[in-house]
Amino acid sequence: MAPFGDMLEALGAGAAIPGVMGVGPGRTWDAVVATHAPSLTGHSVTFVALEDGTLVVNEDVPDGSLTPVADQIEEMVSPPYRAAAARGEADVWTAVAEKVLIVEIAELSADEVELTVVDGERTLTIGDDQDERALPALDALAEEHGSVAIHAERVDGDTFAVDVFPL
């Protein structure tokens, strides 16, 4: 789950200021927030907010404990989005979030899918294996671009969060 790992890594990036302290431009987020979440446990958490407001959480956290973080994020970005949060001082959590597309892909055993189309050449990787099958939800997204790389990561069941990178 690389995108979540990247997000958590960004939360602990330190005090370097891009463009000022010899650091190149960093990743941009749709929301960066800090909020008080007294019942949220652990040191970090990742989650996806679906369009209907459902929070799909990767870690075991008490029911409702993530609500203050999600509410703060949703003042800046509406669902669906992918987010990561890390505990700071006491009960203050810092979180980053980015908009994400949500699609349904049935009958896949792998948790990650990569689809690239370059100059009409289509390459599909499901898990670690190359595959030739059609995936209508991803193929439709690819058709919107000439050349594109698409990464889909399982959120829950047949629900996948999708990143689209036009080439």
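# Exercises on a predicted model

Arginine 154 sits in strand β10. The model is predicted, and the exercises below work from its coordinates.

## Exercise 1: arginine 154

Determine whether arginine 154 is buried or exposed, and find which partners its side chain has.

Solution. 

Step 1. The relative accessibility of arginine 154 is 17%. Buried means under 20%, so arginine 154 counts as buried.

Step 2. Setting aside neighbours within four places in sequence, arginine 154 is in contact with Leu108, Ser109, Ala110, Asp111, Thr159 and Phe160.

Step 3. Two of these contacts can be described at the level of atoms. The arginine 154 side chain reaches the backbone oxygen of leucine 108 at 2.6 Å. With the side chain of aspartate 111 it makes a polar contact of 2.7 Å.

Step 4. For serine 109, compare sequence and space: 45 residues separate it from arginine 154 along the chain, while the C-alpha atoms are 9.8 Å apart.

## Exercise 2: threonine 159

Locate threonine 159 in the secondary structure, and state which side chain it meets in a polar contact.

Solution. 

Step 1. Threonine 159 belongs to strand β11, which covers residues 159-166.

Step 2. Its relative accessibility is 13%, so threonine 159 counts as buried.

Step 3. Beyond four places in sequence, threonine 159 touches Leu50, Ile102, Val103, Glu104, Glu153 and Arg154. With one of these, glutamate 104, there is a polar contact between side chains at 2.8 Å.

## Exercise 3: strand β2 and its partners

Find how many bridges join β2 to β4 and how many join β2 to β3.

Solution. 

Step 1. Strand β2 covers residues 44-49 and is mostly covered, with five of its six residues buried.

Step 2. Six bridges join β2 to β4 (residues 81-87), and the two strands run antiparallel. Phenylalanine 47 stands opposite alanine 83 of β4.

Step 3. Three bridges join β2 to β3 (residues 55-57), again with antiparallel strands. Alanine 49 has leucine 55 in β3 as its bridge partner.

Step 4. Five residues lie between the strands in the hairpin of β2 and β3, where glycine 53 takes a positive phi near 95°.

## Exercise 4: glutamate 98

Decide whether glutamate 98 is buried or exposed.

Solution. 

Step 1. Glutamate 98 is part of strand β5 (residues 92-99).

Step 2. Its relative accessible area is 9%, so glutamate 98 is buried.

Step 3. Proline 80 lies 18 residues from glutamate 98 along the chain, with 8.7 Å between the C-alpha atoms.

## Exercise 5: the whole chain and its confidence

Describe the make-up of the protein, then state where confidence is lowest and where it is highest.

Solution. 

Step 1. The protein has three helices and eleven strands. Along the sequence they follow the pattern α-β-β-β-α-β-β-β-β-β-β-α-β-β.

Step 2. Of its 167 residues, 40% count as buried. Among contacts between residues at least 6 apart in sequence, 58% join residues at least 24 apart. The accessible surface comes to about 9100 Å², and carbon and sulfur atoms account for 51% of that surface.

Step 3. The mean pLDDT is 87, with 84% of residues reaching 70 or more. Confidence is lowest in helix α1 (residues 2-11), at a mean of 51, and highest in helix α2 (residues 67-73), at 97.

Step 4. Over residues 12-21 pLDDT stays under 50, and the model has eight contacts for this stretch beyond four places in sequence. Where pLDDT is low, predicted coordinates should not be read in detail.

Note on methods. Residues are numbered from 1 along each chain as its sequence is written. This is a predicted model: local features need pLDDT of at least 70, side-chain atom pairs count only at pLDDT 80 or more; totals for chains, interfaces and linings use all residues. Side-chain values use heavy atoms; hydrogens and water are left out. Helices (H or I, at least four residues) and strands (E, at least two) are DSSP runs, numbered from the N terminus. Buried means under 20% relative accessible area, exposed over 50%, partly exposed in between (1.4 Å probe, protein chains only). A polar contact is a pair of N or O atoms within 3.5 Å; within protein, one must be able to donate a hydrogen and the other to accept it, and residues adjacent in sequence count only if both atoms are side-chain atoms. Contact means heavy atoms within 4.5 Å. pLDDT is the predictor's confidence in each residue, from 0 to 100. Accessible areas come from the Shrake-Rupley method with a 1.4 Å probe; for residues, only the protein chains shown count as cover. Two strands pair if DSSP finds at least two bridges between them.
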